[in-house]
Amino acid sequence: MASAPETFDELNAFATMQQGLAELRAGGAALASHYEVMIFPPARHPATQGEMRSISMRCESVAMPGMNLASSPDANMYAVQQEVVDGVTFSGSTNMVFTASQNFSERKFFEQWQGLAWNRRSWNIGYYDDYVGSAEIYLLDRSHKKVFGVKLFDVFPKEINGTDLSYAPASGAGLKLTVQMQYKYWDALSIERQIGTSSRGEFAAVQEAARRRSLPAVEN
């Protein structure tokens, strides 16, 4: 005797292709081209607020960091062993690509930052708090409003990639500068998480105070 066909609680699919497309058209999809980067070097860096803003605006591509939960098999389980979390990894690096200006001020900016980590004359290594800063990466909606972001803590430019030069006819694309930014950990930034029922002005003040606390004090 043939067995009865297997049945499901819901006969129809959860959503049709048309329904899915309609939701995307109504709410809009996140765009990789809508983002903002803000870079805050350590207090000892000689750059002005205007220079820092200019450098940040020239970041033409960046990878928003993710999170990794380290896991291992649970040896106490019999038969099929399940994976259990035994740690979390926040530290890492992200590459930032900058459109170079004619005077190559972007490279000078990051070389000055690296100079805070070591002395060119004595080759002595500087204090950690003297050469780490922070960075913020925001995702923007189609109205260019911030909808989500991450803040990188204890940031420093670990590697400034070389730049290829050539006598070949210029393609018009211009020079690019790639910088590998090392960070200790990151935290998510969102309006809902940070302010709850408080005002946006209070949220901005909290952000600024937190940023200042993360920077080392200026030496006299």
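Q: What's the pLDDT like over residues 213–220?
A: It stays under 50 there. This is a predicted model, and for that stretch it has 14 contacts beyond four places in sequence.

Q: OK, and what's the mean pLDDT of the chain?
A: The mean is 81, with 72% of the residues at 70 or more. Over residues 194–207, though, the pLDDT is below 50, and this stretch has 11 contacts in the model beyond near neighbours in sequence.

Q: Switching to helix H3: which residues are buried there?
A: H3 covers residues 105–115, and Glu 106, Phe 109, Phe 110 and Trp 113 are buried in it.

Q: Why are they on the same side of H3?
A: Because they cover an arc of only 85° around the axis.

Q: What about the largest nonpolar core, which members touch the most others?
A: Those are Ile 39, Met 96, Phe 98, Phe 110 and Leu 152, out of 23 residues in that core. Phe 110 is also one of the buried residues of H3.

Q: Which elements give two or more residues to this core?
A: Two helices are on that list, H2 (49–57) and H3. The strands are S1 (35–40), S5 (92–99), S6, S7, S8 (176–183) and S9 (185–189).

Q: And what does Ile 39 touch, leaving out residues up to four places away in sequence?
A: Its contacts include Met 96, Phe 98 and Phe 110. Ile 39 also touches Met 52, Ile 55, Ser 56, Trp 113, Ser 134 and Ala 135.

Q: Is His 144 buried or exposed?
A: It counts as exposed, because its relative accessibility is 55% and the cut-off for exposed is over 50%.

Q: And Asp 154, buried or exposed?
A: Buried, with a relative accessible area of 18%. Asp 154 lies in strand S7 and has a positive phi too, near 55°.

Q: Last one: where's Gln 82?
A: In the loop between strand S3 (68–73) and strand S4 (83–89). Gln 82 is partly exposed, at 42% relative accessible area.

Q: What does Gln 82 touch, again skipping residues up to four places away?
A: Ser 72, Pro 73, Asp 74 and Met 77. As for Ser 71, its C-alpha atom is separated from that of Gln 82 by 9.7 Å, and the two are 11 residues apart along the chain.

Technical notes: Residues numbered from 1 in each chain as written. Predicted model: local features only at pLDDT ≥ 70, side-chain atom pairs only at ≥ 80, totals over all residues. Heavy atoms only, no water. pLDDT = per-residue confidence, 0-100. Contact = heavy atoms within 4.5 Å. Buried < 20%, exposed > 50% of the residue type's maximum accessible area, 1.4 Å probe, protein only. Helix = DSSP H or I, 4+ residues; strand = E, 2+ residues; numbered from the N terminus. Arc of directions from axis to C-beta. Core = buried A, V, L, I, M, F, W, Y, C linked by side-chain atoms within 4.5 Å.
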